[in-house]
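Hi,

Here is the structure I promised to send over. Have a look at it first, and then read on for what turned up.

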Protein chains: 2
Amino acid sequence: MKLLEDRIRQDSEVLPGDVLKINSFLNHQVDPELMMAVGKEFARLFDQSGVTKVLTCEASGIAPGVMAAYELHVPMVFARKKKPSTLNDAVYWADVYSYTKKTANQICVEQKFLHEDDNLLIIDDFLANGEAVKGMINIANQAKADVAGIGIVVAKTFQGGSSWIKEHGYRLESLANIASLANGEVQFADEK
Amino acid sequence: MKLLEDRIRQDSEVLPGDVLKINSFLNHQVDPELMMAVGKEFARLFDQSGVTKVLTCEASGIAPGVMAAYELHVPMVFARKKKPSTLNDAVYWADVYSYTKKTANQICVEQKFLHEDDNLLIIDDFLANGEAVKGMINIANQAKADVAGIGIVVAKTFQGGSSWIKEHGYRLESLANIASLANGEVQFADEK
């Protein structure tokens, strides 16, 4: 998605450890018009997939997720990282290891929001090792829901997540694919 | 906002301790079309206020916040509850006490995203005692930014937040005002 690649070139910062910081338009400050464009692109890509619900994870998945859900005319569910004190009902849990934060966390979704006849589009802002996506797939499996595909705003294809998703037979659509961050330079996969 | 009041009547649950659970369309499962209607209503209400940025708080403020920002054609910034490991720059911090969770937390915003010439619309999903809003006002003050007003999706007017905001001279627009949850019944302020 050219609009997104241009914005990454313009407004991102490469930090040590292959970390791409794009918090000026994606995951701290958010550009809502870019998020709407992202949502429209996901809706276009998954238009024929019979998606019944978007599943994402708080917090940074919510902005692109809600726009995709708006364009697909389906509800969005966001997995929570802490069980809210008001959530006394049955929940699905999954473990998520964060390589950036070096901590294991859990995410949860209230069981009543995911059903056997759901066909989920899993959305996230970022894909690196794919731990959050694996957690969401785990939750979809617990609910016996189908996974129509995975929609990622920015994927670092040189880390393990992209390969894992494809090897496990899921459809992956990532709108910007970063092949390398070597020497502090962003190189997109389609430039290689 | 009638659409919202109708939805609360239909899909909410009152829990002990004056807790209103509306996680089937607002803060766990999200209805994106309702969020867009909410965003449009905030944009209509603050259309003449010269808003330069929407400020909200992860996670549940993001969906209504991004829609309001989209309609106002301004960026959104969401305060984070944990400082991300990739955030090495200067941040504004504020304390937020959660009466529901009975814990004190902090929220933070990277300093470069809020400026002296900003005029902020502070958005949140829920207003009870107003602790999150106070935290965001605190951050706005640290940045020397103006506050155009506070936009709340659902306010429990019988708790302290609404009064505090008005007494401190801020404009408050809440789209559904709940005057009482006594006996497990939702009573809106305009029904009293």
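A residue counts as buried when its relative accessible area is under 20%, and as exposed when that figure is over 50%. Keep in mind that this is a predicted model, so everything below is computed from its atoms.

G161(A) is part of helix 5 of chain A, which runs over residues 160-167. Leaving aside residues up to four places away in sequence, G161(A) touches L127(A), A128(A), N129(A) and G130(A). Take N129(A) from that list: it sits 32 residues from G161(A) in sequence, yet their C-alpha atoms are 4.2 Å apart.

For a contrast, go to P16(B). This proline is in the loop that links strand 1 (13-15) and strand 2 (19-21) of chain B. P16(B) has 74% relative accessibility, so it counts as exposed. If you want a distance from there, P16(B) and G65(B) are 49 residues apart along the chain, with 28 Å between their C-alpha atoms.

The search over all chains came back with 0 disulfides. In chain B, C108(B) is in no disulfide either, and its nearest cysteine sulfur, in C57(B), is 9.5 Å away. As for burial, C57(A) has 6% relative accessibility and therefore counts as buried. C108(B), at 0%, counts as buried too.

Finally, some overall numbers for chain A. Its secondary structure consists of 5 helices and 11 strands. The radius of gyration is 16 Å, which agrees with the value near 16 Å that a compact globule of 192 residues would have. Along the principal axes, the C-alpha trace spans about 50 × 35 × 35 Å. Of the 192 residues, 57% count as buried. Among contacts with a separation of 6 or more, 61% are between residues 24 or more positions apart. The accessible surface of chain A is about 7,800 Å², and carbon and sulfur atoms make up 44% of it. On the charge side, chain A has 20 positive and 26 negative charges, and their mean positions are 4 Å apart.

Cheers

How values were computed. Residues are numbered from 1 along each chain as its sequence is written. Chains are lettered from A and ligands numbered from 1 in the order in which they are written. This is a predicted model: local features need pLDDT of at least 70, side-chain atom pairs count only at pLDDT 80 or more; totals for chains, interfaces and linings use all residues. Side-chain values use heavy atoms; hydrogens and water are left out. Helices (H or I, at least four residues) and strands (E, at least two) are DSSP runs, numbered from the N terminus. The radius of gyration is taken over C-alpha atoms; the globule rule is 2.2 Å times the number of residues to the power 0.38. Buried means under 20% relative accessible area, exposed over 50%, partly exposed in between (1.4 Å probe, protein chains only). Contact means heavy atoms within 4.5 Å. Accessible areas come from the Shrake-Rupley method with a 1.4 Å probe; for residues, only the protein chains shown count as cover. Lys and Arg count as positive and Asp and Glu as negative; His and the chain ends are not counted. The place of a charge is taken as NZ of Lys, CZ of Arg, CG of Asp or CD of Glu. A disulfide is a pair of cysteine sulfur atoms within 2.5 Å.
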